[in-house]
Amino acid sequence: MDLRRHLGRWADRTLTYQARLAESLYRRAVQAAEASSGEEPRLVIGLSLGWAECLIELGRHEEAAEPANAARDLARGAGDEHLEARALLALGRIESDVGDDEVARHLLAQALSSFEAVGDLGGQGWATHRLSEVWGRVDYAAELRHLREAYELFDRAGDRWGRAVAAQDLAYVLTTVGGEEFHRWHQQARRLVDAESDLRSRA
């Protein structure tokens, strides 16, 4: 069995609930892929992006930038706009998390444009969702608008997890004003989370 792919699949399955374990698995998979004699840039890119996402989840943003930038460079070299968009999304999330909103908006807008170019509705949803977080620090109305757009994109993409996340965030953001829209999104979030059997989100 190919060790790189085995570690990558294991990491993919554990990322949502065990980011620390997934991080070590992605790191080992990337090291194995880079040491391999066979050049498979798309495999290395995918593993590097998974590694970056884990490091972001663990709050290790400076470390996360290295595999995310490496993935972007490899994707450009391979001429893969979709993987480059995923790398831009990760880099935008890093900049958003550390508070550099201007750079984050630029990177996320680039990612959104690239996802649109390749027709990836789910990718567009995540880029729009991340943009909502950036706008949330300066413009409440823009934050809500982006979250609503993200939900619609996830819905069109058939991304149930994305829909649940967007619905939860909409309900949370609307707690400050309450009203009919808050209750609608809260009920929708509960329905989606129950359907996914996601205990963490239910909590």
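Student: Does Ala78 count as buried, partly exposed or exposed?
Tutor: In this predicted model, Ala78 lies in helix α4, which covers residues 61–78. Buried means under 20% relative accessible area and exposed means over 50%. Ala78 has 29% relative accessibility, so Ala78 counts as partly exposed.

Student: What distance separates the C-alpha atoms of Ala78 and Pro41?
Tutor: Ala78 belongs to helix α4, and Pro41 is 37 residues away from Ala78 along the chain. The separation of their C-alpha atoms is 7.2 Å.

Student: How do α3 and α5 lie relative to each other, parallel or antiparallel?
Tutor: Helix α3 spans residues 41–57 and helix α5 spans residues 81–97; their axes come within 10 Å and cross at roughly 15°. Angles under 35 degrees count as roughly parallel. The two helices, α3 and α5, are therefore roughly parallel.

Student: Which hand does the crossing of α3 and α5 have?
Tutor: The axes of α3 and α5 cross at roughly 15°. The hand of this crossing is left-handed.

Student: How many of the residues of α3 are buried?
Tutor: Helix α3 has 17 residues and reaches 24 Å from its first C-alpha to its last, close to the 24 Å expected. Its buried residues include Leu43, Trp51, Cys54 and Ile56. α3 is mostly covered, and the buried count is 12 of 17.

Student: Which residue just after α3 takes a positive phi?
Tutor: α3 ends at residue 57. Just after α3, a positive phi of about 80° is taken by Gly59.

Student: Is Glu84 buried or exposed?
Tutor: Glu84 sits in helix α5. Beyond neighbours within four places in sequence, Glu84 is in contact with Arg72, Ala75 and Arg76. Buried means under 20% relative accessible area. Because Glu84 has 16% relative accessibility, Glu84 counts as buried.

Student: What relative accessible area does Trp10 have?
Tutor: Trp10 is found in helix α1, residues 3–14. Its C-alpha atom is separated by 15 Å from that of Ala33, 23 residues apart along the chain. Trp10 is partly exposed, and its relative accessible area is 34%.

Terms used. Residues numbered from 1 in each chain as written. Predicted model: local features only at pLDDT ≥ 70, side-chain atom pairs only at ≥ 80, totals over all residues. Heavy atoms only, no water. Axes fitted to C-alpha atoms, helices over the stretch in contact; angles between N-to-C directions. Helix = DSSP H or I, 4+ residues; strand = E, 2+ residues; numbered from the N terminus. Parallel < 35°, antiparallel > 145°, perpendicular 65-115°, else oblique. Left-handed = near helix turned anticlockwise from the far one by under 90°. Buried < 20%, exposed > 50% of the residue type's maximum accessible area, 1.4 Å probe, protein only. Contact = heavy atoms within 4.5 Å. Expected span 1.5 Å × (residues − 1).
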